[in-house]
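Reader: I have a new model open on my screen and would like to talk it through with you. Could we start at the beginning of the chain and work onwards from there?

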Amino acid sequence: MNAAQYLSIALYIAVFSVTPGPNNLMLLSSGARFGVRRSVPHMLGISLGSALMVLLTGLGLVGMFVRYPILQQALRWVGLGYLLWLAWQMTRSPAPASSRPAAADKTAHTTSATQADPHSHPLGFMGAAAFQWINPKLWMGALGLFTAYLPVNPGSRAVVLVSILFAFINIPCVGIWAAAGQQLQRLLQKPKTLLLFNWSMAVLLVASMLPALVLQH
């Protein structure tokens, strides 16, 4: 593979990484609720988990799904179930900690000693990395990458380089969404605005799964 081919692949990865999808919508919500700094493990989990999946896909994992298509269908439905659960959690998300009144923060801190808030922590590195295996957008993107941009037998060296390229390009692209979410924190002080934001994120997250469900028929 030559430099022009790698440039085309880099452009594909950048466009794929920055366009809306489950990962970016979750990071937008995470940035709004926790800020960019606390969302960094989530971002790294997405980028490194995605790169690992791209690597394994290029090394032959795609062949397993060709031989056993039921596995791909099962992953789609597991992904849908998990996204529905995440969407429901989003509708119940509280206001960003930085925008809560001081008194409310004090009360919340006291309450947390007896009852943990399930929405008070961003998604961690391992959770974000594991999610990539049921992320429908990533499966379609990885398959498209190897079928449209790489030769039939690219070789392990090319696959490894593409996977590393994916990780480095993906990190700043998904970071844009977390940063955009952080800018929304002040707007989410009002309960009605927060409710609208949470439900909008939930609906968009579920809608992001529709292309994968349509393409399976």
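Author: Gladly, with the reminder that this is a predicted model. At the start of helix H1, a side-chain oxygen of Asn2 comes to within 3.2 Å of the backbone nitrogen of Ala4.

Reader: What span should the 16 residues of H1 have, and how far apart are its end C-alpha atoms?

Author: Counting 1.5 Å a residue, helix H1 (residues 3-18) should span 22 Å, and its end C-alpha atoms lie 23 Å apart, which agrees.

Reader: Which residues of H1 are buried?

Author: The buried ones in H1 are Tyr6, Ile9, Ala10, Tyr12, Ile13, Phe16 and Ser17. They sit on the same side of H1, because they cover an arc of only 165° around the axis. The face turned away from that buried side carries Ala4, Leu7, Leu11 and Val15, which are exposed.

Reader: Why would residues three or four places apart point the same way?

Author: An α-helix has 3.6 residues a turn, so residues with that spacing point the same way.

Reader: Changing topic to the rings, how many aromatic pairs are there in the whole structure?

Author: A search of the whole structure finds four. One of them joins Tyr12 and Tyr149 in a tilted arrangement, with 4.8 Å centre to centre and 45° between the planes. Tyr12 belongs to helix H1 and Tyr149 to the loop between helix H6 (136-148) and H7, so this pair ties together parts that are 137 residues apart in sequence.

Reader: And is Tyr12 buried or exposed?

Author: Tyr12 counts as buried, because its relative accessibility is 19% and the cut-off is under 20%. Tyr149, with a relative accessible area of 32%, is partly exposed.
A further tilted pair is that of Phe16 and Phe166, at 6.1 Å centre to centre and 55° between the planes. It links helix H1, which holds Phe16, with helix H7, which holds Phe166, across 150 residues. Phe16 and Phe166 are both buried, and together with Tyr12 and Tyr149 they form one aromatic cluster.

Reader: What about the largest nonpolar core, and which residues have the most contacts inside it?

Author: That core has 23 residues, and those with the most contacts inside it are Met26, Leu27, Met90 and Leu205. Helices H2 (22-67), H3 (69-91), H5 (125-131), H7 (156-182) and H8 (191-207) are the elements that give it two or more residues, and H2 gives the most, with seven. Apart from it lies another core, of 21 residues, including Trp139, Leu150, Val159 and Ile169.

Reader: Which residues is Met90 in contact with, leaving aside neighbours within four places in sequence?

Author: Met90 is then in contact with Leu25, Met26, Ser29, Asn198, Met201, Ala202 and Leu205.

Terms used:
Residues numbered from 1 in each chain as written. Predicted model: local features only at pLDDT ≥ 70, side-chain atom pairs only at ≥ 80, totals over all residues. Heavy atoms only, no water. Helix = DSSP H or I, 4+ residues; strand = E, 2+ residues; numbered from the N terminus. Expected span 1.5 Å × (residues − 1). Buried < 20%, exposed > 50% of the residue type's maximum accessible area, 1.4 Å probe, protein only. Arc of directions from axis to C-beta. Polar contact = N/O pair within 3.5 Å; in protein donor to acceptor, adjacent residues only side chain to side chain. Core = buried A, V, L, I, M, F, W, Y, C linked by side-chain atoms within 4.5 Å. Contact = heavy atoms within 4.5 Å. Phe/Tyr/Trp six-rings, centres within 6.5 Å; stacked < 30°, edge-to-face > 60°.
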